[in-house]
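Work through the exercises below with the model at hand. Each task is followed by a solution in steps.

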Amino acid sequence: MAILLRGARILIVDDDVNTVEALQSLLEDEGYQVETASSGAAALARLGAATFDLLLTDLHLPDLDGVSLAQQAQAATGCAVLLMTGSVRVQDGAGFAYVMKPLDVEILLVRLDELLARRATPALAAPREPRT
């Protein structure tokens, strides 16, 4: 059974506006609180201003690579990280979890659940309703 963290906060970082909008809509429909950023610098500013449970970032950003962003985010906040990449070879993932683009919604949701469950407190965790 999958777990949904009620109120879990996710920061989506991608310079592709369509990807960001689609992910924001999907994850908000799934019950997550979502904020977005279109660059590494904007993401770091948001991470400094608010608390997030998970950073969902593209591997290739215009100003900062996703691995560097992930490393800085984890060092500063301890949030979970999920990288998105269209690269067939994910050699520079530095041990972070990743999903391949184009994104498969079910795989994305499972990976989010796995990462967020590690951070879960019993008061936040609840069974996820099956997608219809």
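**Exercise 1.** Which side chain meets that of R46 in a salt bridge, and at what N to O distance?

Solution. The model is predicted.
Step 1: The side chain of R46 meets that of E35, at 3.8 Å from N to O.
Step 2: R46 has a relative accessible area of 33% and E35 one of 27%. Partly exposed covers the range between under 20% (buried) and over 50% (exposed), so both residues are partly exposed.

**Exercise 2.** Find which residues are joined with E35 into one network of salt bridges.

Solution. 
Step 1: E35 also forms a salt bridge with R9, where the closest N and O atoms are 2.8 Å apart.
Step 2: R9 sits in strand β2, 26 residues from E35.
Step 3: R9 is partly exposed, at 21% relative accessibility.
Step 4: Shared partners join R9, E35 and R46 into one network. The structure holds 6 salt bridges.

**Exercise 3.** Determine where the buried residues of helix α2 lie around its axis.

Solution. 
Step 1: Helix α2 spans residues 40-49, and its buried residues are G40, A43 and L47.
Step 2: Seen down the axis, the buried residues of α2 fall within an arc of 60°, so they line one face of the helix.
Step 3: The face turned away from this buried side carries the exposed residues A45, G48 and A49.
Step 4: The buried residues of α2 pack against β2 (9-13), β3 (33-37) and α3 (66-77).

Definitions and conventions:
Residues numbered from 1 in each chain as written. Predicted model: local features only at pLDDT ≥ 70, side-chain atom pairs only at ≥ 80, totals over all residues. Heavy atoms only, no water. Buried < 20%, exposed > 50% of the residue type's maximum accessible area, 1.4 Å probe, protein only. Helix = DSSP H or I, 4+ residues; strand = E, 2+ residues; numbered from the N terminus. Arc of directions from axis to C-beta. Contact = heavy atoms within 4.5 Å. Salt bridge = Lys/Arg side-chain N within 4 Å of Asp/Glu carboxyl O.
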